[in-house]
Amino acid sequence: MTGILCAMREELDPILEYMNIKEKIKHANNIFYIAEFEGEDIVLAYSKIGKVNASITATIMIEKFGVDKLLFSGVAGGVDEDLKIGDLIIATKTCQHDVDLTVFGYEPGYIPESKVFFECDEDLNNIAQNVAGKLGIKLKDGVIASGDQFVHSKERKEWIKKIFNASAIEMEGGAVGCVCWNEGVPFFMLRAISDTAEEGAGVDFDEFLEESSKISAKFLIEMLKEL
Ligand code: ADE
């Protein structure tokens, strides 16, 4: 079964609008929607913000609902200069920018017996690029870096860009990547830009969360039709 994961209610709601919801299952302080889309059953949920919540929900989707393909849709702070508010990006790989074991000689983001970068599924990314091509939409790809902090500082943003070569920042992708790598499940990470992660990002986020969530949701729906 395909799983669709978001962090926030605002990100999931515009996706649910396209779904024929068959069942709502309460589990682990969350709601999992079983829905039908073009003859296929899908499980959908929003995890709540952050890496821990995203890990819990991704794991439940895989272990309890048998998800064999996990698609994430939501918003992100843009790091690449050519990413403007409302633009779409897919991750080539994700990482955790707030993991710091450098005092032991490890590179930033590295955890022993794990790794810095979690690769997104190439086939899903190719399908996304084909869909974007057909629709005439610009779809950037690059590293998406995650941390349990809303980045609103040019200094922090530039550090993340320099160390991880990140194109966008959010708070879940690295965790979802880690879960999916450990579980052997392919994952796809789609984000629409809501802010540029600098001073003033909080104001932009509040203003564009809904609009950018819809942009990401709409694209995900077009992509689902091709799976
Ligand atoms: N999600 C959207 N914008 C973000 C930012 N600036 N920092 C972290 N997560 C985000």
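In the predicted model, helix α1 (residues 9–16) packs against helix α6 (residues 201–224) at an angle of about 40°, and the two axes lie 8 Å apart. Because of this angle, α1 is oblique to α6. The crossing of the two helices is right-handed. On the α1 side the contact involves E10, E11, P14 and I15, which meet L209, S213, K214, A217, L220 and I221 of α6. By residue class, this contact consists of six nonpolar, one polar and three charged residues.

The crossing of α2 and α5 is right-handed. Helix α2 contributes K51, A54, S55, A58, T59, I62 and E63 to the contact, while α5 contributes A175, V176, V179, C180 and E183. Seven of the residues in the contact of α2 with α5 are nonpolar, two are polar and three are charged.

Empty space in the model was also examined. A probe the size of a water molecule, rolled over the atoms, shows where such space is left. The largest pocket has a volume of about 220 Å³. Its lining comprises 19 residues, of which V75, F150, E170, M171 and F205 are the closest to the pocket centre. Strands β5 (69–78), β9 (166–170) and β10 (187–195) each supply at least two residues of this lining. In the lining of the largest pocket, 11 residues are nonpolar, three are polar and five are charged.

Notes: Residues are numbered from 1 along each chain as its sequence is written. This is a predicted model: local features need pLDDT of at least 70, side-chain atom pairs count only at pLDDT 80 or more; totals for chains, interfaces and linings use all residues. Side-chain values use heavy atoms; hydrogens and water are left out. Axes are lines fitted to C-alpha atoms, for helices over the stretch in contact, and angles run from 0 to 180 degrees between N-to-C directions. Helices (H or I, at least four residues) and strands (E, at least two) are DSSP runs, numbered from the N terminus. Angles under 35 degrees count as roughly parallel, over 145 as roughly antiparallel, 65 to 115 as roughly perpendicular and the rest as oblique. A crossing is left-handed if the near helix is turned anticlockwise from the far one by less than a right angle, and right-handed if clockwise. Contact means heavy atoms within 4.5 Å. Ala, Val, Leu, Ile, Met, Phe, Trp, Tyr, Cys and Pro count as nonpolar, Asp, Glu, Lys and Arg as charged, and the others, Gly among them, as polar. On a 1 Å grid over the protein atoms alone, a cavity is a set of points where a 1.4 Å probe fits but cannot get out, and a pocket is an open set with protein on both sides within 12 Å along at least five of seven lines; lining residues have an atom within 4 Å of a point. Grid points are joined across faces, edges and corners, and a volume is the space filled by probe spheres set on the points.
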